[in-house]
Amino acid sequence: MSDLFLLSAAQMARLSPHFPLAHGVPRVDDRRVVSGIVYVIRDGLQWKDAPKAYGPHKTLYNHFMRWSRLGVFDKIFVALSQDGPRPERTMSDATHLKAHRTAASLPKMGMFPAISDAPKAG
């Protein structure tokens, strides 16, 4: 597992207070799961393509979905962003976002009237 991405113990110490408590079910290795989630998202992989060293892909997906719904990642981002100095400027690059295949048909279906009602050139 040396060639895979793993969060350090110090990084996990900063993240672990934001994880939900276990309720009777033994916890899986949070370090392995969070590292797997970061690996999949960072590399733009499908969950099923996650390396086996991170555990079952269904576990990664289930934790990501559950923690997203609970706002765990939001809390982590807020806590981490408050630690550093305030930037003078922030920038966002959305070139990695994927659009659903039906997104191209939304203007045709009248979902955006300003676009749909515009006169056609030609």
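**View 1. Asp-30 is buried, with a relative accessible area of 14%.** Here buried means under 20% relative accessible area, exposed means over 50% and partly exposed lies in between, using a 1.4 Å probe and protein chains only. This is a predicted model, in which local features need pLDDT of at least 70 and side-chain atom pairs count only at pLDDT 80 or more, while totals for chains, interfaces and linings use all residues. Residues are numbered from 1 along each chain as its sequence is written, and side-chain values use heavy atoms, with hydrogens and water left out. Asp-30 sits in helix α2; helices (H or I, at least four residues) and strands (E, at least two) are DSSP runs numbered from the N terminus. Which residues does Asp-30 touch, leaving aside its neighbours within four places in sequence? They are Met-12, Phe-19 and Trp-67, where contact means heavy atoms within 4.5 Å.

**View 2. Arg-27 and Asp-30 join their side chains in a salt bridge.** The N to O distance is 2.9 Å. The term covers a side-chain nitrogen of Lys or Arg within 4 Å of a carboxyl oxygen of Asp or Glu. Side chains of opposite charge can pair when their charged atoms come close.

**View 3. A salt bridge links Arg-42 and Asp-43.** Their closest N and O atoms are 3.2 Å apart. Are these two residues buried or partly exposed? Asp-43 is partly exposed, with a relative accessible area of 37%, and Arg-42 is partly exposed too, at 49%. The structure holds 2 salt bridges.

**View 4. Met-12 belongs to helix α1, which spans residues 9-15.** With a relative accessible area of 10%, Met-12 is buried. Beyond its neighbours within four places in sequence, Met-12 contacts Leu-7, Phe-19, Asp-30 and Arg-31. Met-12 and Arg-31 are 19 residues apart along the chain, and their C-alpha atoms are separated by 6.6 Å.

**View 5. Helix α2 (residues 30-43) packs against helix α3 (residues 57-70).** Two packed helices are described by the angle between their axes and the distance between the axes. For α2 and α3, the angle is about 90° and the axes are 9 Å apart. Axes are lines fitted to C-alpha atoms, for helices over the stretch in contact, and angles run from 0 to 180 degrees between N-to-C directions. The two helices are therefore roughly perpendicular, a label for angles of 65 to 115 degrees, while under 35 is roughly parallel, over 145 roughly antiparallel and the rest oblique. From α2, the contact takes in Asp-30, Val-33, Val-34, Gly-36, Ile-37 and Ile-41; from α3 come Thr-59, Leu-60, His-63, Phe-64 and Trp-67. By class, this contact has 7 nonpolar, 3 polar and 1 charged residues. Nonpolar covers Ala, Val, Leu, Ile, Met, Phe, Trp, Tyr, Cys and Pro, charged covers Asp, Glu, Lys and Arg, and the others, Gly among them, are polar.

**View 6. Helix α3 also packs with helix α4 (residues 72-83).** Their angle is about 70°, and their axes lie 5 Å apart. The pair α3 and α4 is therefore roughly perpendicular. Phe-64, Trp-67, Ser-68 and Leu-70 of α3 meet Val-72, Phe-73 and Lys-75 of α4. These contact residues divide into 5 nonpolar, 1 polar and 1 charged.
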